[in-house]
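Q: Please take a close look at the salt bridges of this model, and go through the residues that take part in them.

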Amino acid sequence: MNGRNWLAMTTDSATRRQVVAGAVAFAGFAAAPIRIVAAAEEGISHTAESIHQEPVFPAPQGRVYEALTDAGQFGKIEKLSAAMQSGVAPGKRPTEISRQVGGAFTLFGGHIVGRHIELVPHKRIVQAWRVVDWNPGVYSIVKFELTEQDSSTRITFDHAGFPEGKAQHLAEGWTANYWEPLRKYLAS
């Protein structure tokens, strides 16, 4: 038998069952990388909640930064907040804010606690931030980026990593307990 006849014989001798089985095997092999990619993405959330706000304050950058990082000044801001005026914020702990990277802070009577991750004077504050009634060990990340605009300061604020379903409540809280009282404090 020569090579040409062998090729013709093997080509002609494939049954329909063999062709279908080969196609199924090939399709399964081709689909395998798709399943692997899908499995690799199982731990990635494409719907994680986050908060982005950009309040502007009629004060220089340095004054806004100091108001957010000085315990005495922030204590005055807290007293102007909706949470403290309504008595919602539990606890009796005093306002404490470390001025060091890695240092702790306690706000709103102990209801908010965390640590500074990054402090760039008059420019940026990054914190590991949590509400005390969240599950143990759960911290979110908040970032305050301060930029001067004429005689005002814009805070580009981002908050991520908080428990699912808390975005609306937290976004409202930032406005009522940080931005509005900070604006009142800076105007005084």
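A: Glu118, Arg124, Lys143 and Glu145 are linked in a network of salt bridges, a salt bridge being a side-chain nitrogen of Lys or Arg within 4 Å of a carboxyl oxygen of Asp or Glu. This is a predicted model, in which local features need pLDDT of at least 70 and side-chain atom pairs count only at pLDDT 80 or more, whereas totals for chains, interfaces and linings use all residues. Residues are numbered from 1 along each chain as its sequence is written, and side-chain values use heavy atoms, with hydrogens and water left out.

Arg124 is partly exposed, with a relative accessible area of 22%, where buried means under 20% relative accessible area, exposed over 50%, and partly exposed in between (1.4 Å probe, protein chains only). Glu118, at 29% relative accessibility, also counts as partly exposed, as does Lys143 at 33%.

The structure holds 6 salt bridges, and one of them joins the side chains of Asp70 and Arg99 at 3.6 Å, N to O. This pair links distant parts of the chain, 29 residues apart: Asp70 lies in the loop between helix 3 (61-69) and helix 4 (71-80), and Arg99 in the loop between strand 3 (96-97) and strand 4 (104-107); helices (H or I, at least four residues) and strands (E, at least two) are DSSP runs, numbered from the N terminus. Asp70 is partly exposed at 25% relative accessibility, and Arg99 is partly exposed with a relative accessible area of 39%.
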